[in-house]
Every structure is written in structure tokens, then in C-alpha cells.
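The following exercises are to be worked with the sequence and the model at hand. Each one sets a task and then gives the solution in steps.

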Amino acid sequence: MKVTVNKTDSYENESAVINAVAVTDDIRHAIDLLRNNGASIPVVSDGDTRMLMASDIYYIESVDKRTYVYTKDECYGTRYRLYELEEILGAGFLRCSKAMIVNIRKIRSVRAELNARLSAELLNGERLIISRGYVGELKKKLGV
Amino acid sequence: MNKAKFIFNQALMISTSILFCMGVRTAILFFTKGIDMAGWEWYVPLSIVIVGFLCAPVSLLLLYDDQAKSAWTMRLRICLHCLLVFGIVSLSGYLFHWYSDLAGFLVVALIYIIIYVFVWIATTWILKADEKKINDAIDQIRDEE
């Protein structure tokens, strides 16, 4: 594949365009690297530790001082706290309540509720609540 | 801090609505009966602000709660909020002599209901507009299913 790099004057103007016949695994990996700086986190499942790509994560929840990472149809434990994961995972993730972080790219749609919070439906059909206090942050991240 | 901000915003909004109610009532009295009430008693402006701050905790109690609630629970809370705030406004109106007879009370009640419904229609409209903008933006970046 032909690769062209053009220098730009600021980080905000940085962008990447990929012209491809199909989105192969290699291209998907490149997209993950560009979007999340290749972020991945160690997670534990049945006693085994493995690295989970940020792009596979749907949301992360903290319950009783334990942190759980949810993918499309799996759940893993992790030793990280939510605030640490927020830093590691970067701008593609949103703190949607005190105990939850959601991957914005996995939100199918949102529905406004009367008390100004949002009900978000994820790509796997699960529904999460984006608390009133975090709606502004979501709008900021989306440039709305 | 968010709760303090919420109380302050609610107090400001309710005080403004009461001021609007009383302004409309004064205008109605002037144009229908020729009664000039522009010279309000010294305590009236202060009483409007006080009532705003009396009503704000009701809003905090019933509307601020961010925990998962069904749509029907929320509607019930809004109805309860409407009635409680109306109760406080009516009682305060009586104590602070905002109205002197039943006709005056009915005018205040009617304007209150109109404003309350209008505020919720406007709020819903703003929320739906935001919802559309957010969904449009999400469409641009969403991962493939």
C-alpha cells in the first residue's frame, strides 16, 4: 500500500485517510493504532491474563471496588481503577457515570430523558445511562 | 457544587416566572379594570426571590435525582413537583398579598399552569434537539456492527 505523510502545523489538524478495497485485519489494526494510540489493557478471565485492545471494549464498570471490562459478549476483570483506565484509553472513551466508562464508538444511539440524562444503546443491544453531569463532556468530545 | 448550582438556577427560574406571572396579572388588571398596581409594596420584589429559593429544594428533591427511574416515575415526579411548587407559590402569594381575591388567585393559577407547561415543552424540545445532534455526530464515528 502506498503511504503518504504530509506535515501539519498542529496536533488538532492531524488526521488520517485510508483508501482500501476492504477493511482487512491489518487495516483494522492500523485504525486501532491511530485512534487509540494502540492502547490495550491487561484483563483477567478464568485466571488467565491477556491484553485487550481498546477497540474491543464496549464499556467498563466499577462494582464494589472491582473493575469489570465488557466487550461485545464477554466480561473480564482488571486491576486498574476507572480513573487510571480513563487516562490509558484516551479521548475515545467517556466517563458516563461515577462508576462507568463507555467507548463512544460503540454507542448505536442515544435517547434524551426528561431529567436531562441520556439513555445510550450500544452496538450489542445493551443500554447504559449517561448521567446529566457527563452529557456536556460527551457533546464536547463529539464537537456538538 | 452541582447541587448548589442547580438550586440557584431553579430559584432564578422560578423567581423570574413568578415575576412574569405578576407582571401579566398587573397588566390584565390595568387594561381590564383600570387598576394601577405598578407601585408594589416594598417587600414584594424580595418576597419573589424568597419564594424562588423556597421552591428550589422541591426541584432538587424531585428532579435532580440521577438514579435509574422509569419514564412513568419521572412523569409522576413532575406532576408532584408541579403541585408542590404551585402550593408554595399560592401560599406565599396569599401571605405576601400578591393577590387579594379569588379572581386574582385564579389568574395567577392559570398563568402558572401555562408557564409550567411551556417550560417543559421548551425543555423537551431542547433535549430532543441535543439528542439529534449527538446521534448525528455518533453516526460519523461509530464502529461497524
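**Exercise 1. List the contacts of C96(A), leaving aside its neighbours within four places in sequence.**

Step 1. Two residues count as in contact if their C-beta atoms, placed from the backbone, lie within 7 Å. By this test C96(A) touches I101(A), V102(A), L128(A), I130(A), S131(A) and Y134(A).

Step 2. The model is predicted, so local features need pLDDT of at least 70 and side-chain atom pairs count only at pLDDT 80 or more, while totals for chains, interfaces and linings use all residues. Residues are numbered from 1 along each chain as its sequence is written, and chains are lettered from A and ligands numbered from 1 in the order in which they are written.

Step 3. C96(A) belongs to the largest nonpolar core, of 31 residues, where Y59(A), I101(A), V102(A) and I130(A) are also among those with the most contacts. Such a core is a set of buried Ala, Val, Leu, Ile, Met, Phe, Trp, Tyr and Cys residues joined through C-beta atoms within 7 Å. A second, separate core has 13 residues, including M22(B) and W98(B).

**Exercise 2. Which residues of α3(A) are buried, and which on the other side are exposed?**

Step 1. A residue is buried if 20 or more other C-beta atoms lie within 10 Å of its own, exposed if 12 or fewer, and partly exposed in between, with C-beta atoms placed from the backbone. Helices (H or I, at least four residues) and strands (E, at least two) are DSSP runs, numbered from the N terminus.

Step 2. Y134(A), V135(A) and L138(A) are the buried residues of α3(A). They lie on the same side of the helix because their arc, taken from the directions from the helix axis to the C-beta atoms, is only 120°.

Step 3. G136(A) and K140(A), on the other side, are exposed.

Step 4. The cover over the buried residues includes β6, β9 and β10 of chain A, together with α4 of chain B.

**Exercise 3. Check the length of α4(B) and find its buried residues.**

Step 1. The expected span is 1.5 Å times one less than the number of residues.

Step 2. V108(B), I134(B) and I138(B) are buried in α4(B). Their cover includes β8 and α3 of chain A, as well as α1 and α3 of chain B.
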